[in-house]
Amino acid sequence: MIPYDLKKLRAFVFDVDGVLSPNMVPIDADGAPARMANVKDGYAMQLAVKHGYKLCILTGADTESVRRRYSLLGIQDIFLKAGNKLPIFEQWVADNGLEFEQVAYCGDDVPDILCMRRAGLSIAPADASTDAKEAAKYVSPIAGGHGIARDLIEETMRAQGQWLHVDTAYGW
């Protein structure tokens, strides 16, 4: 159970490596990283978009496959090559007319900590760095890449009476 009033949440921000994908990234023969994506995370993310939640991908990664993957789920706000995430995060919150208490931020390492401290709800995967875990209001029992987005979104939508309550929930 996430120790936060999930009825407040209107938005979710996710790092990629170590959160939406495992913290081990295979490298192909050309030296390019290949990321895995959890399909249950994907289902929950596209459903949240359909229900009007704001979703954002905020990552230091510079891989177009990341943009393609999450844009196919309906996510419009995808920030790649984010070296300093806090100014991007703060601007995104302002641009979307949100209050920080309405935003959950899920991160796993040092570059995420300032955003985690700013968000209403900060979450770290079970295998996050010690520093990220200390910054988190909730440390999930789920490791990065193994359904942490699904867990957060499903719990939030259930708390708000939005999980599987319309026909659009049963398709992609």
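1. Helix α6, spanning residues 148–159, has 12 residues and reaches 17 Å from its first C-alpha to its last, close to the 16 Å expected at 1.5 Å a residue, where the expected span is 1.5 Å times one less than the number of residues. Helices here are DSSP runs of H or I with at least four residues, strands are runs of E with at least two, and both are numbered from the N terminus.

2. This is a predicted model, in which local features need pLDDT of at least 70 and side-chain atom pairs count only at pLDDT 80 or more, whereas totals for chains, interfaces and linings use all residues. Residues are numbered from 1 along each chain as its sequence is written, and side-chain values use heavy atoms, with hydrogens and water left out.

3. In α6, the buried residues are I148, A149, L152, I153, E154, T156 and M157; buried means under 20% relative accessible area, exposed over 50%, and partly exposed in between, with a 1.4 Å probe and protein chains only. These buried residues of α6 pack against β1 (11–14), α1 (39–50), β2 (54–58), β4 (103–106) and β5 (121–124).

4. Helix α1 likewise has 12 residues and reaches 17 Å from its first C-alpha to its last, close to the 16 Å expected. Its buried residues are D41, G42, Y43, A44, M45, Q46, L47 and A48, and what covers the buried residues of α1 includes β1, β2, α2 (64–71) and α6.

5. The helices α1 and α6 pack at an angle of about 40°, with their axes 7 Å apart; the axes are lines fitted to C-alpha atoms over the stretch in contact, and angles run from 0 to 180 degrees between N-to-C directions. The two helices are therefore oblique to each other, since angles under 35 degrees count as roughly parallel, over 145 as roughly antiparallel, 65 to 115 as roughly perpendicular and the rest as oblique.

6. The contact, meaning heavy atoms within 4.5 Å, is made by K40, D41, Y43, A44, M45, L47 and A48 of α1 together with I148, A149, R150, I153 and M157 of α6. By class, this contact of α1 with α6 has 9 nonpolar, no polar and 3 charged residues.

7. After α6 comes G161, whose phi is positive, near 70°, and G161 is partly exposed, with a relative accessible area of 44%. The C-alpha atoms of G161 and K7 are separated by 9.3 Å, although these residues are 154 residues apart along the chain.

8. K81, in the loop between β3 (77–79) and α3 (85–95), has a phi near 55°, a positive value in a residue other than glycine. K81 is exposed, with a relative accessible area of 57%.

Conventions. Nonpolar A, V, L, I, M, F, W, Y, C, P; charged D, E, K, R; others polar.
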